[in-house]
Amino acid sequence: MLVVAVALLSLGGFWLGTRAVSHAAVKVVVPSTAGLPWVEVRQGDTLWAIADVLSGGEDPGAVVAEIKRLNGLPDSIIHPGTRLYVPRDIAGVVR
């Protein structure tokens with residue numbers, strides 16, 4: 001009986017420990033956007049097209065990745081009316 005009680009307490013402790021670790025590990029970090037230039041997404045805009053304008057003829061792929069990082073975007077889907085923060089060092093053309 002004592003062995004069963006110890007085993008159940010141990011299993012309960014392991015279960016609680018895994019629950020606490022899973023909750024502690026979930027943290028979304030979005031970088032500070034204070035002072036960054038931004039663009040407002042218009043109907044028909046794509047993230048690639050916005051990055052293409054901002055990149056000044058260079059490969060827009062890196063700019064797309066940076067815009068996604070700055071705005072916490074999981075993918076490249078954007079919606080009209082959304083404010084997208086853009087990197088300061090390439091924001092030569094802000095509409």
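The questions below take up a helix, a serine and a salt bridge in this predicted model.

User: Why is S55 called buried?
Analyst: The cut-off for buried is under 20% relative accessible area. S55 has 11% relative accessibility, so S55 counts as buried.

User: Which other residues of helix α2 are buried, and what makes them lie on the same side?
Analyst: Along with S55, the buried residues of α2 (residues 47–55) are L47, I50, A51 and L54. They cover an arc of only 130° around the axis, and therefore sit on the same side of α2. Their cover includes β1 (38–40), α3 (61–71) and β2 (83–85).

User: What does S55 touch?
Analyst: Setting aside neighbours within four places in sequence, S55 is in contact with P60 and V63. The S55 side chain also reaches the backbone oxygen of D52 at 3.0 Å. Just after α2 comes G56, with a positive phi of about 65°.

User: How do you know that E66 and R69 form a salt bridge?
Analyst: A salt bridge needs a side-chain nitrogen of Lys or Arg within 4 Å of a carboxyl oxygen of Asp or Glu. The N to O distance here is 2.8 Å, so the E66 and R69 side chains qualify. The structure holds 1 salt bridge. E66 and R69 are 3 residues apart in helix α3, and so about one helical turn separates them.

How values were computed: Residues are numbered from 1 along each chain as its sequence is written. This is a predicted model: local features need pLDDT of at least 70, side-chain atom pairs count only at pLDDT 80 or more; totals for chains, interfaces and linings use all residues. Side-chain values use heavy atoms; hydrogens and water are left out. Buried means under 20% relative accessible area, exposed over 50%, partly exposed in between (1.4 Å probe, protein chains only). Helices (H or I, at least four residues) and strands (E, at least two) are DSSP runs, numbered from the N terminus. The arc is that of the directions from the helix axis to the C-beta atoms. Contact means heavy atoms within 4.5 Å. A polar contact is a pair of N or O atoms within 3.5 Å; within protein, one must be able to donate a hydrogen and the other to accept it, and residues adjacent in sequence count only if both atoms are side-chain atoms.
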